[in-house]
Amino acid sequence: MTGIALETRGLGLTLSGRPVLRGVELGLRRGEILGLLGPNGAGKTTLIRALAGQLRGTAPVLSEGADVARLGPEARARRIAYLPQARVVGWPVAVADLVALGRHPWLRLGQRMGPRDREICAAAMAVMDVAALAMRPATELSGGEQARVLAARAIAQDTPVLLADEPASGLDPAHQIGMMSALRRIAAEGRAVLVSLHDLSLAARWCDRLVVLDEGMIAADGRPEVVMQAALLERVFGIAARIERDECGLLVAPTGLAGMATR
Ligand SMILES: Nc1ncnc2c1ncn2[C@@H]1O[C@H](COP(=O)(O)OP(=O)(O)OP(=O)(O)O)[C@@H](O)[C@H]1O
């Protein structure tokens, strides 16, 4: 068994005639939390959807030798959990039942959850701090609460690969830290985690490796201290930033637009 849980080599993808991804070479390693960064429209969501098997590009995405786009939905859901960017609950199901949907790929038709399934759901709800909301209709929750419930469902899926598209957006600072720490714990269990983020400090502090997408191409791929360079932030994001290191890791604070006076 290699350390690579999911990979694609030379992935290109065109949407409505527009090239959105070009020559993407990426491998997600077990035990690693990979942060995917890039400006709006860089192609992060498109790449995540391709990795999740929802979009097909010019190269396959391979999970243990299998093309994920060709796997049936159940087999795919046992290998890859995908937390989409849009996190709105559309129907008034109780939080605990919504999280339990994460166990469905592991149950046979008509089979009820067993003690182990219930344990996994309870742990996912605890880690996302939604256990106290278990009986509430999910539609009555705040945006951040709904986001945490849907993250708990993805965590309950208990897959070797977890892909999370901006899971920290809309969360308060404590729950952002809770989210990153939960993802890090999942990676520490030997799973592969990819998370897209706009918060550069959150990415630099919590991720083992950062990949920066720019106009559909990988502009940088490496450890946070290697990737987080003033020249790259200026070129890709058009910003000036203060980059500092303290005992917790890197701090990356945007100070202004590139070429303009810092305020
Ligand atoms: N269905 C589509 N048809 C045509 N173009 C699309 C389609 N979906 C996305 N795009 C384009 O592909 C590019 C990448 O979009 P994507 O959503 O992957 O970016 P992103 O990096 O996730 O951005 P953000 O940070 O704003 O979420 C954008 O320019 C977008 O307009």
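Helices (H or I, at least four residues) and strands (E, at least two) are taken here as DSSP runs, numbered from the N terminus. A residue counts as near a molecule or strand if its C-beta atom, placed from the backbone, lies within 6 Å of it. The structure is a predicted model, in which local features need pLDDT of at least 70 and side-chain atom pairs count only at pLDDT 80 or more, whereas totals for chains, interfaces and linings use all residues. Residues are numbered from 1 along each chain as its sequence is written.

The residues around the ligand are Leu15, Ser16, Arg18, Val20, Gly38, Asn40, Gly41, Ala42, Gly43, Lys44, Thr45 and Thr46. At least two residues of this shell come from each of strand S2 (18-29) and helix H1 (44-51). H1 provides the largest share, 3 residues. By residue class, the shell holds 3 nonpolar, 7 polar and 2 charged residues; Ala, Val, Leu, Ile, Met, Phe, Trp, Tyr, Cys and Pro count as nonpolar, Asp, Glu, Lys and Arg as charged, and the others, Gly among them, as polar.

Two strands are said to pair if DSSP finds at least two bridges between them. S2 belongs to an open sheet of 4 strands with the order S2-S1-S4-S5 and antiparallel pairing. S2 and S5 stand at the edges with a single partner strand each, so one side of each is left without a neighbour in the sheet. Strand S1 (residues 4-15) pairs with S2 in the antiparallel sense over 8 bridges, and leucine 6 has leucine 28 in S2 as its bridge partner. Glutamate 64 occupies the loop between strand S4 (61-63) and strand S5 (66-67). Although it is not a glycine, glutamate 64 has a positive phi of about 45°. Most residues other than glycine have a negative phi.

Strand S6 (residues 80-83) pairs with S7 in the parallel sense over 4 bridges, with alanine 81 and leucine 162 as bridge partners. S7 also pairs in the parallel sense with strand S8 (residues 192-196), over 5 bridges, and here leucine 162 stands opposite valine 193. In a regular strand the side chains alternate between the two faces of the sheet. Val161, Leu163 and Asp165 point one way from S7, Leu162 and Ala164 the other way, and all are buried. S7 is thus mostly covered, with 5 of its 5 residues buried.

The loop between S7 and H6 contains glutamate 166 and aspartate 172. Which of these is buried, and which is exposed? Glutamate 166 is buried, because 22 other C-beta atoms lie within 10 Å, while aspartate 172 counts as exposed, because it has 9 C-beta neighbours inside 10 Å. Phi of glutamate 166 is positive, near 50°. The C-alpha atom of aspartate 172 is separated by 7.7 Å from that of glycine 144, which is 28 residues away along the chain.

Helix H4 (residues 115-127) has 13 residues and reaches 18 Å from its first C-alpha to its last, close to the 18 Å expected at 1.5 Å a residue; the expected span is 1.5 Å times one less than the number of residues. Its buried residues are Ile120, Cys121, Ala124, Met125 and Val127. They lie on the same side of H4, because they cover an arc of only 170° around the axis, the arc being that of the directions from the helix axis to the C-beta atoms. An α-helix has 3.6 residues a turn, so residues three or four places apart point the same way. On the other side of H4, Pro115 and Glu119 are exposed. The cover over the buried residues of H4 includes helix H3 (95-100), helix H5 (143-156) and helix H6 (173-188), where contact means C-beta atoms, placed from the backbone, within 7 Å. Aspartate 129, which follows H4, has a positive phi near 60°.

A hairpin closes this account. Strand S9 (residues 209-214) and strand S10 (residues 217-222) pair in the antiparallel sense over 5 bridges, and leucine 213 stands opposite isoleucine 218 in S10. Between S9 and S10 lie 2 residues, and glutamate 215 in the turn has a positive phi of about 50°.

Conventions. A residue is buried if 20 or more other C-beta atoms lie within 10 Å of its own, exposed if 12 or fewer, and partly exposed in between; C-beta atoms are placed from the backbone. Two residues are in contact if their C-beta atoms, placed from the backbone, lie within 7 Å.
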